[in-house]
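The following exercises ask the reader to work from a sequence and its structure. Each task is followed by a solution in steps.

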Amino acid sequence: MALRVIDSLVLRNEPLVLLLGRVCIGSLYLMSGINHWLDLTLVTHFMTGLPGPVDVWAMLTATIEVAGGAALVLGFRTREFALLLVLFNLGAAVIGHPYWSITGDANARWGQFIHFWKDIGLAGGALFVLARGAGPLSVDRG
């Protein structure tokens with residue numbers, strides 16, 4: 001019974017549900033990217049093992065977050081940006097949060113474990129956006 005009620009509510013309000021979902025996940029990327037642009041040192045320490053200057057990687061990271069977040073919020077080229085964010089988060093999880101390599105500091109290991117799985121969860125959310133698209137309340141459908 002409860003499932004039928006939920007299904008009915010979601011189906012009747014699907015455009016709004018899709019918009020709110022995009023705004024919620026997109027705002028996370030947007031705010032994170034803005035903060036990273038304002039202070040690149042927030043992310044440069046994750047890039048030390050990558051080839052090339054860490055500032056370039058940090059700027060790329062912030063740009064992907066801002067562009068991807070804005071695209072999701074607006075519903076602009078939603079599936080393309082959702083795919084980019086899936087790949088971005090999988091890379092961020094592996095490159096930025098290698099909890100498996102931390103020994104001797106249980107708190108640091110736990111913190112990186114949480115961040116690793118947060119990024120995997122965000123990749124999952126972006127996969128839902130990739131599969132469903134923006135919905136009718138979006139630039140894509142406007």
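**Exercise 1.** How much space lies in the largest pocket?

*Solution.* The model is predicted, with local features requiring pLDDT of at least 70 and side-chain atom pairs pLDDT 80 or more, while totals for chains, interfaces and linings use all residues. Residues are numbered from 1 along each chain, and side-chain values use heavy atoms, without hydrogens and water.

Step 1. On a 1 Å grid over the protein atoms alone, a pocket is an open set of points where a 1.4 Å probe fits, with protein on both sides within 12 Å along at least five of seven lines; lining residues have an atom within 4 Å of a point.

Step 2. The largest pocket holds about 600 Å³ of space, a volume being the space filled by probe spheres set on the grid points, which are joined across faces, edges and corners.

Step 3. Among the 27 lining residues, T61, E65, F88, A92 and D119 are closest to the centre. F88 also touches I64 (contact: heavy atoms within 4.5 Å), not counting residues up to four places away in sequence.

**Exercise 2.** Which element supplies the largest share of this lining?

*Solution.* Helix 5 supplies 8 residues (helices are DSSP runs of H or I, at least four residues, numbered from the N terminus).

**Exercise 3.** Explain why the length of helix 2 agrees with expectation.

*Solution.* Step 1. The expected span is 1.5 Å times one less than the number of residues.

Step 2. Helix 2 has 25 residues, so it should span 36 Å; its end C-alpha atoms are 36 Å apart, which agrees.

Terms used. Helices (H or I, at least four residues) and strands (E, at least two) are DSSP runs, numbered from the N terminus.
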